Amino acid sequence: MNICTKRKSTSRPFCFLLKGNSADFCKFSHNSGYVKRQALYACNTCTPKGGEPAGICLACSYKCHEGHELFELYTKRNFRCDCGNDKFGEMECKLFPEKEKANSGNKYSHNFFGLYCTCDRPYPDPEDELPDEMIQCIICEDWFHGRHLGCVVPESVELQEMICESCMNKSPFLWTYAAHVAVPPVLKVCKAEEEGKVEVEHDEDETKPEKEVSESTEDNKRKLQELEDTSAEGSCSGCRLGEMKASGQSRAQQGAVFWPSAWRTKLCSCTHCKNLFVDAGVAFLLDETDTVLAYENKGKTTEQAGGVEGRDPLMSALNNLNRVQQLEIIHEYNDMKTELKDYLQTFAAEGKVVTPEDIRHFFEQQQTRKRRRANAGQYYCS
């Protein structure tokens with residue numbers, strides 16, 4: 001599944017899906033460059049909002065920040081672990097303390113302070129009572145509420161990748177591809193029950209003056225025209241992008257864009273177009289192995305290559321489930337692990353011996369709480 005959806009969680013439910021990440025060695029120690037893609041976390045305990053943003057690898061989240069308040073960032077591309085560098089003051093990385101003072105090539109966003117989307121809110125948001133999934137843009141790698149994407153999220157969203165409207169506008173030539181390759185857009189609409197009219201539906205904070213929308217559209221058209229003029233001067237014969245432009249087919253330049261599986265294979269890779277992607281800072285779109293799906297599949301292949309003895313039984317079972325089922329099970333597992341640890345710590349603090357009856361009592365309490373949640377209808381949003 002290509003698209004990344006974020007679910008409400010207070011622990012680390014994705015670690016079992018990211019088998020390409022070692023839980024024992026800091027990524028910095030094994031790669032002097034920037035890792036193409038890896039699971040990342042931000043530590044609110046060590047680098048809270050108001051300071052400098054920093055990201056840590058999976059291993060450091062366990063070995064150096066155990067018990068800290070962590071923000072799960074899922075995966076991000078071209079990043080070096082910051083754990084123990086100048087952003088952490090006197091703290092040293094337990095796994096690889098000989099790190100450079102800063103990683104100038106890292107890119108940061110408000111995600112590193114636990115904030116997401118255009119609404120700049122945390123997730124889960126204690127003040128937001130609306131059930132809504134969050135979807136990650138494959139370019140800026142920020143997470144967006146489905147209702148803040150400026151379009152209706154397609155039903156087959158799990159089979160696609162998404163690019164937010166802001167990133168589309170920063171690389172306006174992508175709108176040409178969107179008109180030919182992307183999933184057809186569906187505007188936010190609702191039917192007026194009494195009058196039978198169709199109206200465009202907006203959140204209050206999303207409403208923009210008509211003049212502002214018009215100016216934004218005209219600006220995008222101007223940028224696209226400039227690119228077309230440049231393309232005409234240095235275009236190559238057989239350029240797919242040039243052929244798409246010549247067809248005259250277009251689409252409204254608004255809202256996020258959802259792309260079907262294998263859409264990257266339809267991008268033009270002629271010399272001129274490669275330079276176009278490089279200049280826009282999105283050359284990775286031409287790389288089919290850049291996707292999260294390819295990353296997860298690589299991890300699965302590595303895990304399977306270890307043979308039966310080295311295979312994680314839980315991971316093997318999860319491979320046969322869809323993403324929603326995987327995350328439900330992993331979320332429950334992490335919750336149970338955290339609660340069991342807290343339960344056993346009470347015995348350690350009092351110097352008591354844990355008996356089989358104590359363990360049986362713990363799991364009976366777990367079952368009781370689970371039944372209460374089910375009866376109350378408190379399900380995690382997807």
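Two aromatic rings of Phe, Tyr or Trp count as a pair here if their centres lie within 6.5 Å. I start there since ring pairs take up much of this talk. With that cut-off, a search of the whole structure finds ten aromatic pairs.

Before the pairs, a word on what you are looking at. This is a predicted model. The protein averages a pLDDT of 78, and 66% of the residues score at least 70. Among the elements, helix H3, residues 165-170, has the highest mean pLDDT, at 98. Strand S9, residues 198-200, has the lowest, at 38. Over residues 189-207 the pLDDT is below 50, and this stretch has 22 contacts in the model beyond near neighbours in sequence. Residues 7-17 also stay under 50, and for them the model has 50 contacts beyond four places in sequence. Where pLDDT is low, the predicted coordinates should not be read in detail.

Now the overall picture. The protein has 382 residues, and 41% of them count as buried. There are twelve helices and ten strands. Take the contacts in the protein with a separation of 6 or more: residues 24 or more positions apart account for 73% of them. The accessible surface comes to about 20900 Å², and 51% of that belongs to carbon and sulfur atoms.

Back to the rings. A pair of aromatic rings is described by the distance of the centres and the angle of the planes. Among the ten pairs found in the structure is that of Phe 173 and Phe 277, with 5.0 Å from centre to centre and 80 degrees between the planes, an edge-to-face arrangement. Where do Phe 173 and Phe 277 sit in the chain? Phe 173 is in the loop between H3 and helix H4, and Phe 277 is in helix H7, residues 271-279. They are 104 residues apart, and the pair links distant parts of the chain. Phe 173 counts as buried because its relative accessibility is 2%, under the 20% cut-off. Phe 277 is buried too, at 0%.

A second pair is Tyr 343 and Phe 362. Their ring centres are 5.3 Å apart and their planes stand at 35 degrees, so this pair is tilted. Tyr 343 lies in helix H11, residues 323-350, and Phe 362 in helix H12, residues 356-376, so the pair ties together parts that are 19 residues apart in sequence. Both Tyr 343 and Phe 362 are buried. They also belong to a cluster: ring pairs link Tyr 343, Phe 347, Phe 362 and Phe 363.

Arg 77 lies over the face of Phe 284, 3.7 Å from the ring centre. Arg 80 lies over the face of Tyr 34, at 5.2 Å from the ring centre.

Last, the cysteines. How many disulfides does the count give? It comes to zero. Cys 239 itself counts as buried, at 4% relative accessibility. Cys 268 has its closest cysteine sulfur in Cys 270, and there too 3.5 Å is too far for a bond. Cys 268 is buried, with a relative accessible area of 4%.

Technical notes
Residues are numbered from 1 along each chain as its sequence is written. This is a predicted model: local features need pLDDT of at least 70, side-chain atom pairs count only at pLDDT 80 or more; totals for chains, interfaces and linings use all residues. Side-chain values use heavy atoms; hydrogens and water are left out. pLDDT is the predictor's confidence in each residue, from 0 to 100. Helices (H or I, at least four residues) and strands (E, at least two) are DSSP runs, numbered from the N terminus. Contact means heavy atoms within 4.5 Å. Rings of Phe, Tyr and Trp (its six-membered ring) pair if their centres lie within 6.5 Å; planes under 30 degrees apart count as stacked, over 60 as edge-to-face and the rest as tilted. Buried means under 20% relative accessible area, exposed over 50%, partly exposed in between (1.4 Å probe, protein chains only). A charge sits over a ring if NZ of Lys or CZ of Arg is within 6 Å of the ring centre and within 35 degrees of the ring normal. Accessible areas come from the Shrake-Rupley method with a 1.4 Å probe; for residues, only the protein chains shown count as cover. A disulfide is a pair of cysteine sulfur atoms within 2.5 Å.
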